[in-house]
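Biologist: Before we discuss any labels, could you put the model up, so that each term can be checked against its cut-offs?

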Amino acid sequence: MLFRSSFSSLANFAAGLAQSYDLSYSATSDPKQAAQFNVKQWGAYVGDQWRVRNNLTITYGVRFETPTFPTAPSVNPVAVANFGYRTDITPKAKLWSPRIGFNYDLHGDASEQVRGGVGIFAGRPAYVWISNQFGNTGVDFTRIGASFNANNRIPFVADVNNQPKTVTGATAGSFTNEIDIIDPDFKYPSVLRGNLAWDRKLPMGFYGSAEIGR
């Protein structure tokens, strides 16, 4: 349960008369209903190294990842009837991340070399985006709200476990809800990265490098 009240003045606050009121509470048999879900992220990588010449090596490969959801959000028939979208659909993305790199020894003695590579990289998705879909199906929680109005006189109840389910003394009150839906073709973020570097052997066993990348 989550509630919020706001007051237009200290006098109204002292009197316990709020000018706005918002309440969210479980609409299921579980009074502590939460946006809980499980994710399994599967991944595999294959790669190889090709020694083109004695002084040129190319490394390449591809990584595959796919997050899966063993559980689905609750079904909301109203969303289907009014908007044509289901609330119990989760993304079934498949992430392909190819990459390739090279190392070129200019003189064949490791005294000077050019190296670089380019590829697509994807990390752990921000699952908080998905949690909104599980928490806002429109059927798991009920929300009651009265918009702020200086003329409202809504009795304030401090007990978090006994908040009123009806709003009295308000000139404007409404039952509201929120439905979050994700496109089944939702793409998880990935980034294209590359770099190019030059290494040079210096006196006394030191090496100097210059590198650019994004």
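This is a predicted model: local features need pLDDT of at least 70, side-chain atom pairs count only at pLDDT 80 or more; totals for chains, interfaces and linings use all residues.

Biologist: Why is Y188 called buried?

Modeller: The relative accessible area of Y188 is 5%, so Y188 is buried.

Biologist: How many aromatic pairs does the structure hold, and what makes two rings a pair?

Modeller: There are 9 aromatic pairs in the structure. Rings of Phe, Tyr and Trp (its six-membered ring) pair if their centres lie within 6.5 Å, and planes under 30 degrees apart count as stacked, over 60 as edge-to-face and the rest as tilted.

Biologist: Why is the pair of F37 and F69 called tilted?

Modeller: The ring centres of F37 and F69 are 6.2 Å apart and their planes stand at 40°, so the pair is tilted. F37 lies in the loop between strand 3 (20–26) and strand 4, and F69 in the loop between strand 5 and helix 2 (77–83), so the pair ties together parts that are 32 residues apart in sequence. Helices (H or I, at least four residues) and strands (E, at least two) are DSSP runs, numbered from the N terminus. As for accessibility, F37 is partly exposed because its relative accessible area is 21%, whereas F69 counts as buried because its value is 12%.

Biologist: What makes the pair of F186 and Y188 edge-to-face?

Modeller: The centres of F186 and Y188 are 5.5 Å apart, and the angle between the planes is 85°, which gives an aromatic pair that is edge-to-face.

Biologist: Which residues form an aromatic cluster, and how do you know that a charge sits over the ring of Y25?

Modeller: One aromatic cluster is formed by F3, F7, F13 and F156. The charged end of K165 sits over the ring of Y25 at 4.7 Å from its centre, and the term asks for NZ of Lys or CZ of Arg within 6 Å of the ring centre and within 35 degrees of the ring normal.

Biologist: What is the strand order in the open sheet of 6 strands, and what makes a strand an edge strand?

Modeller: The order is 4-5-6-7-11-12, with antiparallel pairing. Strand 4 and strand 12 are the edge strands, as each pairs on one side only, and two strands pair if DSSP finds at least two bridges between them. Strand 4 and strand 5 run antiparallel and are joined by 13 bridges, with W42 opposite T66 in strand 5. Strand 7 and strand 11 pair in the antiparallel sense over 10 bridges, and there I120 stands opposite L192 in strand 11.

Biologist: Why is M204 called exposed, and where does M204 lie?

Modeller: M204 has a relative accessible area of 77%, so M204 is exposed. M204 lies in the loop between strand 11 (191–201) and strand 12 (207–213), and its phi is near 65°, a positive value in a residue other than glycine.

Biologist: Is N55 buried or exposed, and which residues is N55 in contact with?

Modeller: N55 is buried because its relative accessible area is 14%. Leaving aside neighbours within four places in sequence, N55 is in contact (heavy atoms within 4.5 Å) with N103, Y104, D105, L106 and G108.

Conventions:
Residues are numbered from 1 along each chain as its sequence is written. Side-chain values use heavy atoms; hydrogens and water are left out. Buried means under 20% relative accessible area, exposed over 50%, partly exposed in between (1.4 Å probe, protein chains only).
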